[in-house]
Amino acid sequence: EISSNGNLGNVYFSLGDFKNARTCFERSLQISKEIGNRAGEGMAYGNLGILYKELGDFEKAIDHLDCGLKISIELGKWSAEAGLYGNLGNAYKLLGDLKKAMDYHELRLKIAREVGDKLEELSAYGDLGNGYVGIGDFETAIDYFERSLQISKEVSNRTTEGKMYGSVGVAYLRCGDIEKAIECFKQSLEVHKALGDRSGEATLYGNLGVAY
């Protein structure tokens with residue numbers, strides 16, 4: 001029943017039906033507490049935290065994500081811990097606390113590298129790159145974006161590859177290196193075309209227009 005409520009909640013969440021998603025996640029949490037299922041409790045807290053983040057209630061999101069994080073650490077669930085660090089980082093970023101957001105993404109990156117989770121690692125590098133862009137350190141941002149880009153190629157993640165080419169291009173543009181920015185935007189555009197991402201294409205054409 002815990003698992004079924006969690007899975008059903010995820011389906012409702014993906015459909016944008018956050019009311020029913022919350023009902024399912026809260027039911028999963030309630031049953032987990034009743035029978036002392038700490039793993040189910042941690043997962044439910046994490047799901048509710050992500051839900052509240054999506055709803056814009058960042059403080060409540062952080063409270064739930066923190067609860068999920070404590071349980072993940074207690075149970076030694078490294079993968080869940082890394083994911084919760086990432087979600088906490090994103091929540092703090094949306095709250096405007098960029099320093100704390102980056103601290104959480106650094107913890108996420110550390111775990112991802114220790115356990116060899118390439119997908120979590122490339123995502124952490126990308127989020128950290130965005131953080132450095134936010135504080136105006138474009139050279140460091142480029143370094144992180146390029147690391148994410150390299151891993152994206154290694155694991156054949158074309159979506160992130162296209163996104164990172166674009167992010168590197170924006171960072172180069174902010175640095176004043178127009179030629180490198182244009183080169184990155186063109187490479188990103190090729191990937192978005194190959195993926196049939198028309199929205200991404202439009203964004204890249206706009207970036208190229210600014211660069212030219």
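What is the handedness of the crossing of H8 and H9? In this predicted model, the crossing of H8 and H9 is left-handed.

The protein chain contains 11 helices and 0 strands. Its pattern along the sequence accordingly reads α-α-α-α-α-α-α-α-α-α-α. The C-alpha trace spans about 60 × 30 × 30 Å along the principal axes of the protein chain. Of the 212 residues in the protein chain, 45% are buried. Among the contacts with a separation of 6 or more, 44% are made by residues 24 or more positions apart.

Helix H8 covers residues 138-154 and helix H9 covers residues 158-175. The two pack at an angle of about 160°, and their axes are 9 Å apart. Angles over 145 degrees count as roughly antiparallel, and H8 and H9 are therefore roughly antiparallel to each other. On the side of H8, the contact is made by Phe138, Glu139, Ile142, Phe145, Glu146, Ser148, Leu149, Ser152 and Lys153. H9 contributes Thr160, Glu161, Met164, Tyr165, Ser167, Val168, Ala171, Tyr172, Arg174 and Cys175. Sorted by class, the contact of H8 with H9 comprises 10 nonpolar, 4 polar and 5 charged residues.

The loop between H8 and H9 holds Ser156. Ser156 is not a glycine, yet has a positive phi of about 60°. The relative accessibility of Ser156 is 58%, so this residue counts as exposed.

The residues of H10 in the contact are Ile178, Ile182, Phe185, Lys186, Ser188, Leu189, His192 and Lys193. Those of H11 are Gly200, Glu201, Leu204, Tyr205, Asn207, Leu208 and Ala211. The contact of H10 with H11 has 8 nonpolar, 4 polar and 3 charged residues by class.

Asp17 is placed in the loop between helix H1 (2-14) and H2. With a relative accessibility of 26%, Asp17 counts as partly exposed, because that class lies between the limits of 20% and 50%. Asp17 and Asn7 are 10 residues apart along the chain, and a distance of 14 Å separates their C-alpha atoms.

Ser32 belongs to helix H2, which runs over residues 18-35. The relative accessibility of Ser32 is 0%, and Ser32 therefore counts as buried. The side chain of Ser32 reaches the backbone oxygen of Ser28 at 2.7 Å. When neighbours within four places in sequence are left aside, Ser32 is in contact with Ile2, Asn37, Gly40 and Glu41.

Conventions: Residues numbered from 1 in each chain as written. Predicted model: local features only at pLDDT ≥ 70, side-chain atom pairs only at ≥ 80, totals over all residues. Heavy atoms only, no water. Axes fitted to C-alpha atoms, helices over the stretch in contact; angles between N-to-C directions. Helix = DSSP H or I, 4+ residues; strand = E, 2+ residues; numbered from the N terminus. Parallel < 35°, antiparallel > 145°, perpendicular 65-115°, else oblique. Left-handed = near helix turned anticlockwise from the far one by under 90°. Contact = heavy atoms within 4.5 Å. Nonpolar A, V, L, I, M, F, W, Y, C, P; charged D, E, K, R; others polar. Buried < 20%, exposed > 50% of the residue type's maximum accessible area, 1.4 Å probe, protein only. Polar contact = N/O pair within 3.5 Å; in protein donor to acceptor, adjacent residues only side chain to side chain.
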